[in-house]
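Please consult the sequence and the structure shown here.

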Amino acid sequence: MGNIHILWVDDEIDSLKAHTIFLTGKDYKVSTLTNGHDALDFIKTNEVDVVLLDESMPGITGLETLAKIKEMNQHIPVVLITKNEAENIMDEAIGNQIADYLIKPVNPHQILLCLKKILNAKQLVAEATTANYQRQFTHLFMELNSNPNYSQWMELYRKLVYWELEMEKSDSPEMREVLANQKQEANAEFSKFIQKNYTKWFTDTVHKPVMSHHVFAQKILPKIQPDKSTFLIVVDNLRFDQWKVIQPALQQYFKAVEEDTYYSILPTATQYCRNALFAGLTPADIQRLHPNFWKNDDEEGGKNLYEDQLFEAHLKRIRKADVKFSYHKIIHLADGQQMVQNIQNWMKNDLNIIVYNFVDMLSHARTEMEVLKELAPDEVSYRSITKSWFEHSPLFQALKKISEKPVNLIITTDHGSVKVKAAHKVIGDRTTTTNLRYKHGKNLNYEERDVMAVRVPTQAGLPTPTINSSFIFAKEDGFLCYPNNYNQYVNMYKNTFQHGGISLEEMIVPIVTLTNK
């Protein structure tokens with residue numbers, strides 16, 4: 001602490017000599033002044049780490065000095081020391097971004113604690129976070145190896161996301177690597193779990209999780225109330241960790257009622273998951289019951305053009321046709337700006353569905369644009385871009401506009417994404433699809449250990465695009481490449497965020513209910 005320089009400004013500084021001696025004894029460098037003018041001159045020519053500032057001084061007051069310090073250098077932490085606890089003074093001080101405040105008379109230990117909080121907080125939090133994760137490591141390891149069921153996997157994933165976010169505070173690259181390895185092990189075990197159980201969920205009527213085609217009936221329609229408009233926001237490709245980083249912005253305006261997760265179906269790709277979400281049907285049943293609304297991967301045309309019609313048919317099928325709803329798909333900035341203008345007019349509906357396509361575009365664009373590769377080279381920056389987008393998005397503006405109204409707000413997604421690293425060769429004929437995390441076709445040649453194969457698609461609720469067609473799904477952090485131009489494609493797609501396969505990040509996705517405060 002010997003290089004920490006404190007400037008203490010108080011017109012009665014001589015009476016605080018015992019305090020300055022105490023701080024000097026703790027290895028702080030302390031400079032003292034008696035008025036705000038001298039303090040401003042001092043800061044112009046000296047490096048100062050923190051200012052202790054008396055609020056009530058003759059000449060220029062503490063609050064006036066504070067405002068001028070912030071104009072000169074807004075990053076210097078200022079602690080206001082005051083006898084006056086008047087609310088307006090506190091409001092003005094906080095508005096001018098004080099780091100803390102103390103009420104006179106102060107004792108040396110109060111000041112020491114305040115300085116530690118300001119100057120050493122990051123280090124202390126990092127040390128505590130690392131120590132806490134070290135204590136939890138064994139518990140997580142035991143849970144991973146205790147043959148968890150589908151609900152325990154959801155809870156495990158939430159814990160891993162919690163620690164992933166917490167470890168951003170840690171300054172220990174070694175412990176961050178330990179966590180990354182534990183998450184990688186979790187994905188390996190989760191892939192085995194899905195491979196063993198997934199097709200059973202389509203015949204078992206009891207022991208199965210809520211999946212894409214169950215979400216409306218089980219998680220959304222029960223929340224619709226006659227005296228409140230419900231807004232359903234489907235942010236395409238929003239992972240649970242991305243939800244957690246946008247949550248604080250929303251908490252200023254809404255209070256959480258329920259934070260939950262559900263299982264996205266395979267393939268974890270928009271045309272399968274989102275159509276299933278709105279239709280309340282598996283893709284196989286959508287193709288069977290609504291052939292005009294379904295297109296397979298190899299067919300021309302948009303694959304998600306009929307979500308509102310599928311939802312309308314869904315309501316009729318479950319005898320809820322009296323639910324008055326609106327449907328809006330936001331793809332371009334202009335669509336979002338129009339939504340901000342109109343959202344309050346939608347309050348007359350029982351349910352307003354807003355499909356917002358930003359995060360999916362981000363993950364796809366990242367594979368094409370070098371600038372985005374630079375901006376999002378890892379999980380931390382991928383979350384950071386999502387957070388920044390949301391806080392400046394028309395979506396957030398629109399939600400703020402309805403936050404004072406009696407509304408239910410449900411935020412969910414269709415699937416997540418995973419950062420891919422390991423390339424696996426797949427050989428197929430000309431009908432084989434081009435997706436990186438799943439493929440279907442008639443004559444697929446692959447290493448069994450690299451994928452989960454579904455040779456009878458209907459067993460996994462999937463259509464059969466052609467006779468003898470089967471599906472394969474990449475597991476963990478793998479991605480599927482053809483031998484042609486193999487190295488070129490590996491270099492292009494390695495370390496990008498993709499979806500369609502089997503991972504915790506893609507399959508266990510958020511569904512959150514909030515209401516206005």
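V79 stands opposite D100 in β5, where strands β4 (residues 78–82) and β5 pair in the parallel sense over 4 bridges. Strands (E, at least two residues) and helices (H or I, at least four) are DSSP runs numbered from the N terminus, and two strands pair if DSSP finds at least two bridges between them. The model is predicted: local features need pLDDT of at least 70, side-chain atom pairs count only at pLDDT 80 or more, and totals for chains, interfaces and linings use all residues. Residues are numbered from 1 along each chain as its sequence is written, and side-chain values use heavy atoms, with hydrogens and water left out.

Parallel pairing also links the 5 strands of an open sheet, in the order β2-β1-β3-β4-β5. Its edge strands, each pairing on one side only, are β2 (29–33) and β5 (100–103). Neighbouring strands of this sheet are turned by 20° against each other on average, direction ignored.

Contact means heavy atoms within 4.5 Å; axes are lines fitted to C-alpha atoms, for helices over the stretch in contact, and angles run from 0 to 180 degrees between N-to-C directions.

Elsewhere, strand β12 (residues 422–425) pairs with β16 in the parallel sense over 4 bridges, and A423 stands opposite F479 in β16. Both faces of β16 (residues 478–481) are covered: G478 and L480 on one side, and F479 and C481 on the other, are all buried (under 20% relative accessible area, 1.4 Å probe, protein chains only).

Conventions:
Buried < 20%, exposed > 50% of the residue type's maximum accessible area, 1.4 Å probe, protein only.
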